[in-house]
Amino acid sequence: MKRPIEPLLWGLFSAGGVVAALLMPVHLFLFGLAIPLGWLEPPSFEGLQSLAAHPLARLYLFVLCSLPLFHWAHRFRFTLYDGLQIKHLNEVISAVCYGGAILGTFVAGYVFLVSR
Amino acid sequence: MNASKPFTEFHPRWFRQRPSTYWWLWKWAYLRFVLRELSSLAVAWCVVLTLLQARALAAGAAPYADLQDWLRTPWVALLNAVCLSFLMFHSITWFQLAPRAMVVRLGGWRVPDALIIAGNFAAWFAASAAVAWLALGAGR
Amino acid sequence: MPETIQLQVARYSPERDTAPSFQSFEVPCPNDWTVLDGLNHIKDKLDGSLAYRWSCRMGICGSCGMMVNGEPKLTCGTFLSAYVPGPVRVEPLVNFPVVRDLVVEVSDFMRKLRSVKPWLIRDDADAAATEEYRQTPAQLDAYRQYSMCINCLLCYAACPVYGLDPLFAGPAAIALAQRYNLDSRDQGAAQRMTVLSSHEAIWGCTFVGECTEVCPKHVDPAGAIQRYKLAAASEWFKHFLMPWGKSEGK
């Protein structure tokens, strides 16, 4: 029997949502605002570099940059369906959304798992 | 239905109204819902930012410093502040709604929703503290 | 309390009109009158041609659902005193075709309800039971909330996805599917999952949550749908990781 794909997509959306909810606010606060704007004592460049090079950190960052993209893809797809009422373009929308998430995952894989 | 024939004996002309494109503006609950859904864009932006930072970090001290300068420009800082509020909104609504998806039973006792929500927020606080401690403590 | 209150009632006659319009009526406003009492007064004393559905007038039959000032309500349980000084706008439930005045066509819901097989399914359907199917109070609690649905369709009027997506099964249908899925006497969860999971019957739901807000019986259809999504996703992963074995929908 052909397995429907929607449960998988929802599962990825859910997992990405949990990762985004738990970890992204602190990441954006620290690296998007507090450190650049000098609200907190910034870590040294070398320290941050070696922290990010650690294998566990690389895996963590890969997951952080991959699963939330699937969360975005699924949610944005339905935002377009219900907000702009363009569900008849669902093939294009799905390709852009999930394609974007898959592309982002490859990029994250290259940046965190392959290079360096 | 054919407009020239208003009805047939057994099938009157029903009135059907397509939902307005702005259906989400008519109720505060709908607007709140749409804002929650738009938070996914803030999530995607945070991913992009993390990737940019990782690339700059790997490239060297100078590109990293350039990126920090770029993050200090007013428009980018404002964008990040707005995205942060959307991310917080996502987290708060996500943890409040999570217990609706799963009923947790320990033995025969059903764990009350409030306890699950409190557990979620505790996990959020703990995870954030751990990340902050690791990141700020790097290279000390 | 004022003597009267104005009801602005949507009128639509397919023989005459191409779109609904409003007609105003002044109805008495005693303390204990509901919107339904006002409509009955209009029908009895002011304009006998008004068409609307009602039955039990006590919130159990689910017939009298209408939009009152833009909110889906059971008119038998909505008091005029809450809307003083008025006016009160009464319209047919949104997201359904209007047949006449305040009467909507609900066969789409009926079809979707039937498609989720809202009855106990047994593997041994032909075998006659030799004794009653026993159930502990805890087993009853597992599905009892979802059995409270009176099919009033207020949740369908509140759900923007139902209005936008013709394939969406809707809150009540999915909640009722869950009522049977979670019933310990039922063995048909897999059959229902084929219907619900493989088409877009449930995945259009984006958890707006308004269905739960308007439900007069506190069924929490939004919670039922999220639980079903989680069950469907878990079932998908279980089948993906362990393709052998009987597929199950619980």
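This is a predicted model: local features need pLDDT of at least 70, side-chain atom pairs count only at pLDDT 80 or more; totals for chains, interfaces and linings use all residues.
Residues are numbered from 1 along each chain as its sequence is written, and chains are lettered from A, with ligands numbered from 1, in the order in which they are written.

Chain A brings 47 residues into contact with 46 residues of chain B, two residues being in contact if their C-beta atoms, placed from the backbone, lie within 7 Å. On the side of chain A that touches chain B, at least two residues each come from α1, α2 (45-53), α3 and α4 (90-114) of chain A; here helices (H or I, at least four residues) and strands (E, at least two) are DSSP runs, numbered from the N terminus. The most is given by α1(A), with 15 residues. By class, this side of chain A has 31 nonpolar, 12 polar and four charged residues, where Ala, Val, Leu, Ile, Met, Phe, Trp, Tyr, Cys and Pro count as nonpolar, Asp, Glu, Lys and Arg as charged, and the others, Gly among them, as polar.

With chain C, 12 residues of chain A meet 14 residues of chain C. The elements giving two or more residues to this side of chain A are α1 (6-34) and α3 (55-83) of chain A. Here too α1(A) gives the most, with six residues, and the side divides into five nonpolar, three polar and four charged residues.

Turning to chain C, five strands form an open sheet of mixed pairing in the order β2-β1-β5-β3-β4; two strands pair if DSSP finds at least two bridges between them. From one strand to the next the twist averages 35°, with axes fitted as lines to C-alpha atoms, for helices over the stretch in contact, and angles running from 0 to 180 degrees between N-to-C directions. Strands β3 (residues 65-68) and β5 (residues 88-91) of chain C run antiparallel and are joined by two bridges, and C:Met67 has C:Glu91 as its bridge partner in β5(C). The antiparallel pairing of β3(C) with β4(C) covers four bridges, and C:Met66 has C:Lys73 as its bridge partner in β4(C). Two residues lie between the strands of this hairpin, in which C:Asn69 takes a positive phi near 50°. Helix α1 (residues 35-46) of chain C lies across β1 (4-11), β2, β3 and β5 of chain C, at about 95° to β2(C).

Chain C is divided into domain 1 (4-104) and domain 2 (107-241), with bounds from an automatic or database domain assignment. Taken over C-alpha atoms, their centres are 30 Å apart, and each domain gives 12 residues to the contact.

The largest nonpolar core holds 126 residues, of which B:Cys46, C:Cys155 and C:Ile174 touch the most other members. Such a core is a set of buried Ala, Val, Leu, Ile, Met, Phe, Trp, Tyr and Cys residues joined through C-beta atoms within 7 Å; buried means that 20 or more other C-beta atoms, placed from the backbone, lie within 10 Å of a residue's own.

Terms used: A residue is buried if 20 or more other C-beta atoms lie within 10 Å of its own, exposed if 12 or fewer, and partly exposed in between; C-beta atoms are placed from the backbone.
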